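Trainee: I have a model open and want to learn how to read it. Please take me through it feature by feature.

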Amino acid sequence: MAADAERRRRFTLFIVMTSGPNDGSSPDRVLVIHAHPDDEVFATAAATIALAGQGGQIFLRVATGGEAGLLAAYHGDVVRARAARAAQLTRSCGLLGISDWDYLAGAGRWIDTGSEGVGTLAGEDPAVLAAAVRACIDRIEPMMVLTVDRVGLTGHPDHIAMHNAVRSALALPGWLPHEAWGALLLGRHIAAAHALAKAVVPHRPVGSGRVQGRADDAVERVMTCSREDAHRRRAALDEYTPGLGTFPHHDLAQRLDRFGDSLLLRFAMDASDWHTDRFERIHIGDEDQPSR
Ligand SMILES: [Zn+2]
């Protein structure tokens with residue numbers, strides 16, 4: 001009985017504390033933490049558009065410069081690749097309601113090599129990464145923290161490292177936000193994306209093969225922007241890869257030169273919608289940890 005009462009109390013507290021984005025009150029300061037530039041488009045764009053529209057002040061911190069995607073274009077020059085990504089990220093933030101972005105711990109502290117290894121997030125000591133996130137939370141003092149879910153949205157090792165770092169940071173002493181959420185994809189939307197990919201680009205495999213998605217019952221929170229505002233998410237995607245957000249399907253095969261997880265996620269949003277983000281709860285401080 002006592003345990004039931006306690007559970008009810010916590011649940012009531014949870015409802016009170018998560019008031020905000022859908023009830024018209026201001027969510028105040030929101031900190032979004034991601035591994036790479038462009039994760040803010042795929043993982044949390046609907047949420048940041050909605051929260052900013054309700055008066056929230058949205059801060060984004062990225063751990064790496066997302067250098068990998070542009071290294072070839074800049075002949076392996078990491079600094080120039082990072083600068084070009086930063087310009088894309090600035091334009092993306094302008095579209096998605098993010099008023100302030102910076103690197104989690106300075107430019108070049110971690111880099112995106114396109115694989116695991118020295119200098120990457122996945123290759124970092126988890127305690128070092130968690131301490132960097134902890135310091136960032138203490139500096140910004142957000143009411144809400146957003147990142148990716150436990151499987152790293154797409155299974156990317158850097159994304160998983162980022163999720164683990166946020167979860168660990170929230171268990172360390174310091175500023176406690178009221179709520180923290182990890183963005184997830186649904187397995188049935190990924191299956192629909194593969195079916196769409198097969199129809200649209202029949203002669204090319206699409207995606208890395210590591211994007212699985214979660215079961216429907218993993219969703220504990222949904223954040224939506226208006227359908228009209230979802231075009232901003234497509235435009236933000238175009239900032240990184242022209243046309244990836246907006247080309248009609250029949251142009252994608254001819255006009256894109258990469259057929260990775262970014263394209264798979266475009267198909268996943270086409271197969272579901274562009275104005276919804278889904279989240280699992282990340283527990284804060286000494287709250288009960290989920291048993292699964
Ligand atoms: Zn990423």
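Trainee: What is the mean pLDDT of the protein chain?

Mentor: pLDDT is the predictor's confidence in each residue, from 0 to 100. The chain's mean is 90, and 88% of its residues reach 70 or more. Over residues 5–24 pLDDT stays under 50. For that stretch the model has 11 contacts beyond four places in sequence; two residues are in contact if their C-beta atoms, placed from the backbone, lie within 7 Å. Where pLDDT is low, the predicted coordinates should not be read in detail.

Trainee: How many helices and strands are there?

Mentor: Helices (H or I, at least four residues) and strands (E, at least two) are DSSP runs, numbered from the N terminus. The protein chain has 12 helices and seven strands. Among its contacts with a separation of 6 or more, 78% join residues 24 or more positions apart.

Trainee: What percentage of the residues count as buried?

Mentor: Count the other C-beta atoms within 10 Å of a residue's own, placed from the backbone: 20 or more is buried, 12 or fewer exposed, in between partly exposed. Of the 292 residues, 44% count as buried.

Trainee: Which residues touch the most other members of the largest nonpolar core?

Mentor: In soluble globular proteins, nonpolar side chains tend to be buried together. A nonpolar core is a set of buried Ala, Val, Leu, Ile, Met, Phe, Trp, Tyr and Cys residues joined through C-beta atoms within 7 Å. The largest one here has 73 residues, and V32, V133, M162, V166 and L264 touch the most other members. Leaving out residues up to four places away in sequence, V133 touches I33, A165, V166 and A169.

Trainee: What covers the buried residues of α8?

Mentor: Start with its length. The expected span of a helix is 1.5 Å times one less than its number of residues. Helix α8 (residues 157–169) has 13 residues and should span 18 Å; its end C-alpha atoms are 18 Å apart, which agrees. Its buried residues include M162, A165 and V166. Their cover includes β1 (29–34), α6 (126–140) and β5 (179–184).

Trainee: At what angle do α5 and α10 cross?

Mentor: Axes are lines fitted to C-alpha atoms, for helices over the stretch in contact, and angles run from 0 to 180 degrees between N-to-C directions. The axes of α5 (residues 78–96) and α10 (residues 231–240) come within 9 Å and cross at roughly 180 degrees. That makes α5 roughly antiparallel to α10, a label for angles over 145 degrees. Residues of α5 including Q88, R91 and L95 take part in the meeting with α10.

Trainee: Is L153 buried or exposed?

Mentor: L153 is buried, with 28 other C-beta atoms within 10 Å. This residue sits in helix α7.

Trainee: Where is H75?

Mentor: H75 lies in the loop between α4 (68–71) and α5. H75 has a positive phi of about 50 degrees although it is not a glycine. H75 is exposed, with 8 other C-beta atoms within 10 Å.

Methods
Residues are numbered from 1 along each chain as its sequence is written. This is a predicted model: local features need pLDDT of at least 70, side-chain atom pairs count only at pLDDT 80 or more; totals for chains, interfaces and linings use all residues. Angles under 35 degrees count as roughly parallel, over 145 as roughly antiparallel, 65 to 115 as roughly perpendicular and the rest as oblique.
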